[in-house]
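Here is a friendly walk through one protein chain, written for someone who likes to know the cut-offs behind each value. Take a look at the model first, and then read on.

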Amino acid sequence: MRALLETHLAFCHALTPIAHAYALDADRLSEPGVTFFSARAGGMLVGVGALKRLDDSHAELKSMHTSEAVRGRGVGRAMAGHILAFAREQGYRRVSLETGTMDAFAPARALYARMGFEPCEPFGEYAPSPYNTWMTMSLDARPPGSPDASHAAAPPMDD
């Protein structure tokens, strides 16, 4: 688990100036208000992600990362769908996220847009930056062509 998280942090820090890199490390992912998720396929860890409580109705999708060996196989979509379903169950009405603006983050931005996230202004303690972009979705909304994105086919998930 730590190795995949370290890979995620190294990826983010290699592309984003440290002052604008907001990925959470293992210690911050274990703080109160953060729920950590992992995805496994065939007993192998293939993805991680987290949901951070911002307030009673708003949460943030954090530290999404899929193992390079399984990218393009739907793990990220399944993980995000699982986390969004959990957010609904917890009573959140909105989930937002921050990700990078560089080309390496384009697949993540495209995934989030397909799931129904829309660009938004910085939220919480974030400040505008050319290195970051923000997206949000109402949990009442469904992405185009999907009756409910939170129930996408998923590999086995461990919370």
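Buried here means under 20% relative accessible area, exposed means over 50%, and partly exposed is in between, with a 1.4 Å probe and protein chains only. Helices are DSSP runs of H or I with at least four residues, strands are runs of E with at least two, and both are numbered from the N terminus.

A word on the ground rules: this is a predicted model, in which local features need pLDDT of at least 70 and side-chain atom pairs count only at pLDDT 80 or more, while totals for chains, interfaces and linings use all residues. Residues are numbered from 1 along each chain as its sequence is written, and side-chain values use heavy atoms, with hydrogens and water left out.

**The chain as a whole**

The chain has four helices and seven strands, and along the sequence they follow the pattern α-α-β-β-β-α-β-α-β-β-β. Of its 159 residues, 46% count as buried. Contact means heavy atoms within 4.5 Å. Among contacts between residues at least 6 apart in sequence, 63% join residues at least 24 apart.

**Helix 3 and its neighbours**

Helix 3 reaches 21 Å from its first C-alpha to its last, close to the 21 Å expected at 1.5 Å a residue; the expected span is 1.5 Å times one less than the number of residues. Its buried residues include Val 75, Ile 83, Leu 84 and Phe 86. Met 79 also belongs to helix 3, which runs over residues 75–89, and is buried with a relative accessible area of 2%. The C-alpha atom of Met 79 is 7.9 Å from that of Ser 38, although 41 residues separate the two along the chain. Just after the helix, Gly 91 takes a positive phi of about 90°.

Another positive phi, near 50°, is found at Ser 63, a residue other than glycine. Ser 63 sits in strand 3 and is buried, at 6% relative accessible area.

**Nonpolar cores**

In soluble globular proteins, nonpolar side chains tend to be buried together. A nonpolar core is a set of buried Ala, Val, Leu, Ile, Met, Phe, Trp, Tyr and Cys residues joined through side-chain atoms within 4.5 Å. The largest such core has 25 residues, and Leu 51, Leu 61, Val 95, Tyr 112 and Phe 117 have the most contacts inside it. Helix 3 gives the most to this core, with seven residues. Tyr 112 touches Leu 61, Met 64, Leu 97, Phe 117 and Met 135, leaving aside residues up to four places away in sequence.

A second, separate core has nine residues, among them Leu 4, Leu 24, Leu 29 and Val 34. Val 34 lies in strand 1 and is buried, with a relative accessible area of 14%. Leaving aside residues up to four places away in sequence, Val 34 touches Arg 28, Leu 29, Ala 50, Leu 51 and Lys 52. Val 34 and Glu 60 are 26 residues apart in sequence, and 9.2 Å separates their C-alpha atoms.

**Pockets**

On a 1 Å grid over the protein atoms alone, a pocket is an open set of points where a 1.4 Å probe fits, with protein on both sides within 12 Å along at least five of seven lines; lining residues have an atom within 4 Å of a point. Grid points are joined across faces, edges and corners, and a volume is the space filled by probe spheres set on the points. Ala, Val, Leu, Ile, Met, Phe, Trp, Tyr, Cys and Pro count as nonpolar, Asp, Glu, Lys and Arg as charged, and the others, Gly among them, as polar.

| Pocket | Volume | Lining by class |
|---|---|---|
| Largest | about 790 Å³ | 18 nonpolar, 12 polar and six charged residues |

Of the 36 residues that line the largest pocket, Met 64, His 65, Pro 107, Ala 108 and Tyr 112 lie nearest its centre. Helix 1, strand 3, helix 3, strand 4 and helix 4 each supply at least two residues of that lining. The second largest pocket has Tyr 22, Leu 24, Arg 28, Glu 60 and Phe 123 among its lining residues.

**An exposed arginine**

Arg 114 lies in helix 4 and is exposed, with a relative accessible area of 52%.
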